[in-house]
Amino acid sequence: MSSHDHTLAGHDAHHDDHHHDDHHNPGFIQKYVFSTDHKWIGIQYGITALLFLAFGFYLMMVMRWSIAYPHEPLPSWMSWIFTDGWKARWLQDGKVTGETYNMFGAMHGTIMVFLGIVPLGFGAFGNYVTPLQIGAPDMAFPKLNMMSYWLYLAGGLVMCGSFFLESGAAKSGWTNYSPLAGFADGQVVNQWLSGQTQWLGGLVLLITSSLLGSVNFITTIINLRARGMTWMRLPFFVWAMLVTGFLLLLAFPPLEAAGIMQLMDRVTHSSFFMPSGLFTKSEGLADLSGGGSPLLFQHLFWFLGHPEVYVLLLPSLACVAEIIPVNTRKPLWGYKSMVYSVLVLGFLSFIVWAHHMYMTGMGPVVSTWFQTTTVLISVPSVILLTAMIISLWGGSIRFTMPMIWACAFLPMFGIGGLTGLPLAFNLADLHLHDTYYVIGHFHYVVAPGILFGLFAGIYHWYPKVTGRYMKNSLGHLHFWPSLICMNIIFFPMLVQGMAGFHRRWYNGGDAYLSKAQDSVNVFGNTVVQHIDLNILMSMGAWTLAIAQIPFILNVFLSLKFGKKVENDNPWDATTLEWATPTPPGHGNFTFDPVVYRGPYEYSRPDCEGDFLPQWVEPKAKPAEVKPDPVHDNTPSAH
């Protein structure tokens with residue numbers, strides 16, 4: 001017996017012991033609150049992440065009102081969430097101020113990235129699906145898994161709770177650059193009770209959560225694969241989660257170190273990132289020990305920041321890669337090329353970070369290096385996207401709701417990637433940096449790209465989680481307005497960005513209108529030409545919010561009224577999660593799973609059906625009698 005078999009057998013033996021103790025029938029608190037079951041932890045991650053996404057989306061809607069109608073007070077349908085005291089503190093005659101806009105902008109970016117998309121993709125889908133796809137009874141470290149979720153929730157609550165502090169929440173952008181972040185909320189006597197400090201405390205909790213999760217995923221995938229599950233029989237989803245785990249494990253520690261150092265700058269007056277000679281309007285020459293490097297924080301942040309983009313992307317890409325073969329009834333084209341591409345993508349993501357920093361005055365040699373690596377990283381991305389597009393060719397496509405979302409992901413992600421290429425070159429980036437072009441590019445990747453892939457995953461695995469299908473009618477009401485509104489919001493941003501609109505104008509450029517009559521003021525005239533797009537984009541954002549109502553109804557109504565699945569494998573899929581009961585019980589499998597083939601065996605000519613699951617034992621073929629050349633009496637044998 002191999003060492004791998006011993007490991008699996010030992011885990012199973014330990015797992016079987018739990019069938020006979022209290023852990024198999026835990027109480028409500030242990031089962032639904034402090035659960036160690038990877039499936040329920042995945043559901044906890046998913047629900048929590050969707051709630052944070054909704055809150056981050058709300059902050060964006062308030063910002064869009066300020067941009068579109070800077071002279072109008074917030075309407076009651078948008079401001080009802082605020083108390084009168086909060087309005088008096090942060091709104092001026094009911095209108096959004098620059099300070100409030102900065103606060104909402106910083107927290108919108110933080111919430112959507114760190115509290116929304118990463119936990120939904122890696123935490124929810126990764127936790128629920130990965131052990132099922134490799135044939136494991138659970139994650140390698142169930143209690144560590146539980147701790148990871150609760151640290152994530154604590155970090156999110158600390159960050160969002162800072163809205164209720166006297167200082168309000170963080171206001172220094174989601175990137176939290178020093179020295180601005182070092183001085184922010186300086187008027188607060190107890191710096192531990194300032195929003196900027198709370199942001200850093202929450203960040204440390206979130207990073208610790210991600211590190212615990214990444215160690216758990218890597219260990220689980222390496223050690224707990226079922227018998228026969230060799231590396232090249234792993235579904236692409238599992239490969240993506242493995243690479244994502246390594247990205248988190250290697251990229252987050254520098255940012256955690258940076259967060260702790262910036263925390264020390266704020267509460268102990270150290271100067272890790274605070275340079276000498278700083279002068280502020282309120283305090284004059286800053287009383288600091290000095291000698292720190294603001295650029296060091298940028299390097300540490302973006303060393304995480306760019307791998308983080310692929311932490312966002314890979315789980316979504318993985319969902320789409322699972323959905324396309326199921327709904328085209330043909331193997332995933334270029335499976336090995338995709339595996340090697342995602343490995344190269346993970347490596348290259350660590351050597352491109354400074355393309356976010358062309359404005360810092362780096363020399364031509366350094367900028368040329370980062371331009372080159374940034375262009376190179378587009379190659380594996382294009383291979384992945386091309387392989388999935390080619391997988392559609394010649395397929396017998398079933399346009400189920402998951403497939404519709406997956407198909408929309410492909411061009412939307414393609415637009416996001418293509419618009420990023422000009423930013424790879426410092427000559428172009430010097431003009432486009434901090435404009436709406438960057439916002440449009442990034443959001444095309446994240447919103448209609450990554451989120452569409454994650455929505456596809458929700459529709460795809462919902463029948464396995466609940467035993468019922470989501471309603472198609474509500475699914476279409478969710479999809480089509482979302483697709484249209486996403487483009488209404490983000491495409492005009494590319495136009496405004498190329499015209500020079502700055503990403504941090506809280507009034508959308510309104511201040512330049514008074515100068516537009518001056519014929520010398522070329523930029524004022526440019527603003528006049530494109531400022532009306534602000535209203536169009538804001539209308540699209542508010543309509544997009546309405547388009548999410550059918551999804552919310554679908555999630556809850558389908559639990560009771562959705563059509564029941566006919567069997568445990570309603571999509572006629574080939575990967576191991578569809579061999580479990582629906583929904584999977586304690587220990588996941590009712591038999592000892594053994595894997596006999598690759599993950600995408602569809603439409604094989606030697607198979608009766610159009611799919612051959614990984615766990616189905618091959619039919620024994622009658623032994624063929626081959627002639628023995630030694631005892632063969634033919635002349636050629638002699």
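In this predicted model, Pro583 is located in the segment that follows α20. The peptide bond between Thr582 and Pro583 is cis, with an omega of about -10°. A cis peptide bond also joins Ser178 to Pro179, with omega at about 5°. Pro179 belongs to the loop between α7 and α8.

Positive phi values occur at several positions of the backbone, among them Asp93, a residue other than glycine, where phi is near 55°. Asp93 is placed in the loop between β1 (91-92) and β2 (95-96). With a relative accessible area of 67%, Asp93 is exposed, since the cut-off for this class is over 50%. Arg329, likewise a residue other than glycine, has a positive phi near 60°. This arginine is found in the loop between α11 (294-328) and α12 (335-348). Its relative accessibility is 5%, and Arg329 therefore counts as buried. A positive phi, near 105°, is also found at Gly500, which follows α17. Helix α17 itself comprises 28 residues (residues 472-499). At 1.5 Å a residue this helix should span 40 Å, and the 41 Å between its end C-alpha atoms agrees with that expectation.

The structure contains 48 aromatic pairs.

Trp90 additionally takes part in a contact with a charged group: the charged end of Arg89 is positioned over its ring, 3.9 Å from the centre. A corresponding arrangement involves Arg225, whose charged end sits over the ring of Trp231 at 4.1 Å from the ring centre.

Charged pairs were then considered. The count comes to 10 salt bridges. Arg503 forms one of them with Asp434, the closest N and O atoms being 3.4 Å apart. This pair links distant parts of the chain, with Arg503 in the loop between α17 and α18 (522-530) and Asp434, 69 residues apart from it, in the loop between α15 (426-432) and α16 (436-466). Arg503 has a relative accessible area of 22% and is partly exposed. Asp434 also forms a salt bridge with Arg504, again with the closest N and O atoms 3.4 Å apart. Because Arg504 lies in the loop between α17 and α18 and Asp434 in the loop between α15 and α16, the pair ties together parts that are 70 residues apart in sequence. Arg504 counts as partly exposed, at 39% relative accessibility.

A salt bridge is likewise present between Arg604 and Glu601, where the closest N and O atoms are 3.2 Å apart. Both residues are partly exposed, Arg604 with a relative accessible area of 27% and Glu601 with one of 22%. Through shared partners, salt bridges join Asp434, Arg503 and Arg504 into one network.

On the surface, a nonpolar patch is formed by Ile546, Ile549, Leu553, Leu557 and Phe561, which together have about 470 Å² of accessible area. Helix α20 (residues 549-561) gives the most to this patch, contributing 4 residues. Ile549 lies in this helix and is partly exposed, with a relative accessible area of 45%.

Note on methods. Residues numbered from 1 in each chain as written. Predicted model: local features only at pLDDT ≥ 70, side-chain atom pairs only at ≥ 80, totals over all residues. Heavy atoms only, no water. Phe/Tyr/Trp six-rings, centres within 6.5 Å; stacked < 30°, edge-to-face > 60°. Lys NZ or Arg CZ within 6 Å of the ring centre and 35° of its normal. Helix = DSSP H or I, 4+ residues; strand = E, 2+ residues; numbered from the N terminus. Expected span 1.5 Å × (residues − 1). Patch = residues over 30% accessible without salt bridge, like charges linked within 9 Å, V, L, I, M, F, W, Y side chains within 5 Å. Areas by Shrake-Rupley, 256 points an atom, 1.4 Å probe, with all protein chains shown as cover. Salt bridge = Lys/Arg side-chain N within 4 Å of Asp/Glu carboxyl O. Buried < 20%, exposed > 50% of the residue type's maximum accessible area, 1.4 Å probe, protein only.
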